[in-house]
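Subject: Structure for you to look through

Hello,

Here is the structure I promised. Please open it and keep it beside this message as you read.

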Amino acid sequence: MTAKVTLSFSDDTIEEARRFAKREGMSLSAWIDQAAREKALREVFAAHAAAVGRAGLDIEAAALADAQEAEQVDAVFLGRRPSAA
């Protein structure tokens, strides 16, 4: 199911989104839908990692790997260069 909504974006944001959507052979709506879902998942994973950290569980290596993976995703979608690990 899809919902039709009206959103406002800055000219720069929408221009970049159109460029990325075209590059990936997607409609602008599909690209923004995917970007929003990926952002929501990153928020969920970040909240989970924070909860695990607060619980003091000994999974530091996994948490670091998750953080690096999130950084790589951001690098791809936001055009940033990932930091050296």
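Start with one definition: a residue is buried under 20% relative accessible area, exposed over 50%, and partly exposed in between. Lys39 has 42% relative accessibility, so Lys39 counts as partly exposed. Keep in mind that this is a predicted model.

**The start of the chain**

Is Leu7 buried or exposed? Its relative accessible area is 54%, so Leu7 is exposed. Leu7 also belongs to a nonpolar surface patch, together with Val5 and Phe9. The patch covers about 300 Å².

**How H1 meets H2**

Two packed helices are described by the angle between their axes and the distance between the axes. Helix H2 takes in residues 28–55. The axes of H1 and H2 come within 9 Å. They cross at roughly 100°. An angle of 65 to 115 degrees counts as roughly perpendicular, so H1 is roughly perpendicular to H2. Which residues make the contact? From H1 come Ile14, Ala17, Arg18, Phe20 and Ala21. From H2 come Leu28, Trp31 and Ile32.

Now find Ser29, which also lies in helix H2. Ser29 has 60% relative accessibility, so it counts as exposed. Its C-alpha atom is 9.5 Å from that of Ala17. Along the chain, Ser29 and Ala17 are 12 residues apart.

**Salt bridges**

Side chains of opposite charge can pair when their charged atoms come close. How many salt bridges does the structure hold? There are 4. Here are some of them.

Asp33 forms one with Arg37. The closest N and O atoms are 2.7 Å apart. Both residues lie in helix H2. They are 4 residues apart, about one turn of the helix. Asp33 is partly exposed, at 41% relative accessibility. Arg37 is partly exposed too, at 49%.

Another joins the side chains of Glu43 and Lys39. The N to O distance is 2.7 Å. Again, both residues lie in helix H2. They sit 4 residues apart, about one turn of the helix. Glu43 has a relative accessible area of 45%, so Glu43 is partly exposed.

Asp74 forms a salt bridge with Arg42. Here the closest N and O atoms are 2.9 Å apart. What does this pair link? It links distant parts of the chain. Asp74 is in helix H3, residues 60–78, and Arg42 is in helix H2. The two are 32 residues apart. Is Asp74 buried or exposed? Asp74 is buried, because its relative accessible area is 17% and the cut-off for buried is under 20%.

**Back to Lys39**

One last stop. Lys39 lies in helix H2. How far is Lys39 from Val73 in space? The answer is 9.7 Å, C-alpha to C-alpha. In sequence, Lys39 and Val73 are 34 residues apart.

Work through these spots in order, with the structure open.

Best wishes

Terms used:
Residues numbered from 1 in each chain as written. Predicted model: local features only at pLDDT ≥ 70, side-chain atom pairs only at ≥ 80, totals over all residues. Heavy atoms only, no water. Patch = residues over 30% accessible without salt bridge, like charges linked within 9 Å, V, L, I, M, F, W, Y side chains within 5 Å. Areas by Shrake-Rupley, 256 points an atom, 1.4 Å probe, with all protein chains shown as cover. Buried < 20%, exposed > 50% of the residue type's maximum accessible area, 1.4 Å probe, protein only. Axes fitted to C-alpha atoms, helices over the stretch in contact; angles between N-to-C directions. Parallel < 35°, antiparallel > 145°, perpendicular 65-115°, else oblique. Contact = heavy atoms within 4.5 Å.
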